[in-house]
Amino acid sequence: MDRPVRVALLGHGTVGSAVVRLLTGRAAGLRDRIGAPVDLVGIAVLEPARHAGPWRHLLTTDAAALVDADVDVVVELIGGVEPARELVLSALRSGKSVVTANKALVARHGLELRAAAESSGAALRYEGAVAGAVPVLRPLRESLAGDRITRVSGIVNGTCNFVLTTMTRTGGCYRDALAEAVRLGYAEADPTADIEGHDAAAKAALLAFAAFGAVVDPGEVRRTGIAEVTAEDIAAAQASGRVVKPIAVCERVDGQVNVAVHPAMVRADHPLAVVDGVLNAVLVEAEAAGELLFRGAGAGGDATASAVLGDLVSVARDLAAGVTRPADAAPVALPVDPRGGTATGYHVRVEVDDRPGVPVEVGAVFAGQGVEPESLSRRGSHVVVTTRPAPDPAVLSALDKLAVLPEVRALPRALRLEG
């Protein structure tokens, strides 16, 4: 390639502005790595007057025209599904490679985007869509392509991890921990997408595709948010040598893939147990490689911009060398388990009347639903049950039956076990 790699940027928010700053500040180093200079030709924004900087002359409100211009790569950082989907499709269909960090877009419309890229020979990269600066999609697709991945689990939402970490450290309630996250800028004013697990579900769908080729609708991921986690749950976890973490799981089981997002009690010696605050981490388990932990900053402008620039350098290097790669290489696709979710153990606390024989009755309810208790004990006014791994429907059925027993004073509290 005897000319610069021309780049159009859509969006100049937290991540977009960080990309511009790094792209311009590291121009010489990037040129050496790519084999050609990178020329930022335009930045699409909604309100140019709100953006300052030496590159204000590059601002435009016409994103469609910028995509149609003479550019080689479109970097999409406006977020959301529309108009991002139409703009990205337009770029790919015209043979322009796309780099994005838009998890919702790729999780919901990945098939359509990949088909457009494959048809035109363009590249589609989205490493920044899952865990910020933590590189995990490329290792899953490329470095482990010769291995057999069995399980991918991780903490992929920094807001939820910060809230649960704060509750663990302070012994406080969920509401106070969330307020602190908002105050520090770790949570949006409306944190629903994070707290209810929608954000993590989209990321889990992308991990499932990268690891197993499974096409997962993020809306169908079995999802439990963290809003119902109590200080008592945190204390119960600590008493049992565990810590509560927001976990996303993609697992190969009997030739199918199970995907789930939920808070779970994690063993204190588990690799994910020490991932605190807003950090993200992904644990990959493969037959030959064993356990591999990818850990680092999962949010913020610079962290995500690092992943975006990594994708941009990869795409630009191929363009400069005249190399064409598949839009999104993935393993042979595995089907998604229609039952949804993995079989896990549970930690269950049941507040009961103080009379003999109640623990035995509680254990009998679980056994009657085919759920095998691993341990059963009485702790004050509670019966505490730890179950062996069992399908969710069986555990939920046992909880429903416990709730209506006359000896039970309140709805049972249950958290999944990890590791």
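Visitor: How do the residues lining the second largest pocket divide by class?

Guide: This is a predicted model: local features need pLDDT of at least 70, side-chain atom pairs count only at pLDDT 80 or more, and totals for chains, interfaces and linings use all residues. Residues are numbered from 1 along each chain as its sequence is written, and side-chain values use heavy atoms, with hydrogens and water left out. Ala, Val, Leu, Ile, Met, Phe, Trp, Tyr, Cys and Pro count as nonpolar, Asp, Glu, Lys and Arg as charged, and the others, Gly among them, as polar. On that scheme, the lining of the second largest pocket splits into 10 nonpolar, 2 polar and 5 charged.

Visitor: How much space lies in the second largest pocket?

Guide: On a 1 Å grid over the protein atoms alone, a pocket is an open set of points with protein on both sides within 12 Å along at least five of seven lines; lining residues have an atom within 4 Å of a point. Points join across faces, edges and corners, and a volume is the space filled by probe spheres set on them. For the second largest pocket that space is about 420 Å³.

Visitor: Which residues that line the second largest pocket are closest to its centre?

Guide: The second largest pocket has 17 lining residues. Helix H15 (392–403) and strand E16 (413–418) each give two or more of them; helices (H or I, at least four residues) and strands (E, at least two) are DSSP runs, numbered from the N terminus. Closest to the centre are Glu228, Leu399, Pro412, Arg413 and Ala414.

Visitor: Which helix gives the largest share of the lining of the largest pocket?

Guide: The largest pocket holds about 1200 Å³. Its 41 lining residues include Val15, Lys103, Glu188, Asp199 and Ala299, which lie nearest its centre. They divide into 15 nonpolar, 19 polar and 7 charged. The largest share, 4 residues, comes from H6.

Visitor: What is the volume of the largest cavity?

Guide: A cavity is a set of grid points where a 1.4 Å probe fits but cannot get out. The structure has 1 cavity of 30 Å³ or more. The space in the largest cavity is about 110 Å³.

Visitor: Which residues lie nearest the centre of the largest cavity?

Guide: The lining holds 11 nonpolar, 5 polar and 1 charged residues. Helix H10 (192–195), strand E9 (242–253) and strand E10 (256–267) each supply at least two residues. Of the 17 lining residues, those nearest the centre are Cys160, Ala200, Pro246, Ile247 and Val261.

Visitor: How far is the nearest cysteine sulfur from that of Cys160?

Guide: A disulfide is a pair of cysteine sulfur atoms within 2.5 Å, and a search of the whole structure finds 0. Cys160 is in none; the nearest sulfur, that of Cys173, lies at 16 Å.

Visitor: Is Cys250 buried or exposed?

Guide: Buried means under 20% relative accessible area, exposed over 50%, partly exposed in between (1.4 Å probe, protein chains only). The sulfur of Cys250 is 16 Å from the closest cysteine sulfur, in Cys160, too far for a bond. Cys160 has a relative accessible area of 4%, so it is buried. At 1%, Cys250 is also buried.

Visitor: How many of the residues of H13 are buried?

Guide: The expected span of a helix is 1.5 Å times one less than its number of residues. For H13 (residues 301–321) that gives 30 Å, and its end C-alpha atoms are 30 Å apart, which agrees. H13 is largely enclosed by the rest of the structure, because the buried count is 15 of 21.

Visitor: Which elements do the buried residues of H1 pack against?

Guide: H1 has 12 residues and reaches 17 Å, close to the expected 16 Å. Its buried residues are Gly16, Ala18, Val19, Val20, Leu22 and Leu23. They pack against strand E1 (5–10), helix H2 (27–34), strand E2 (38–44) and H13.

Visitor: Which residues does Pro359 touch, not counting those up to four places away in sequence?

Guide: Pro359 lies in helix H14 (residues 358–368). Its relative accessible area is 18%, so it is buried. Contact means heavy atoms within 4.5 Å. By that cut-off, Pro359 touches Leu376, Arg378 and Val383.

Visitor: What is the phi of Asp254?

Guide: Most residues other than glycine have a negative phi. Asp254 lies in the loop between E9 and E10 and is exposed, at 78% relative accessible area. Although it is not a glycine, Asp254 has a positive phi of about 55 degrees.
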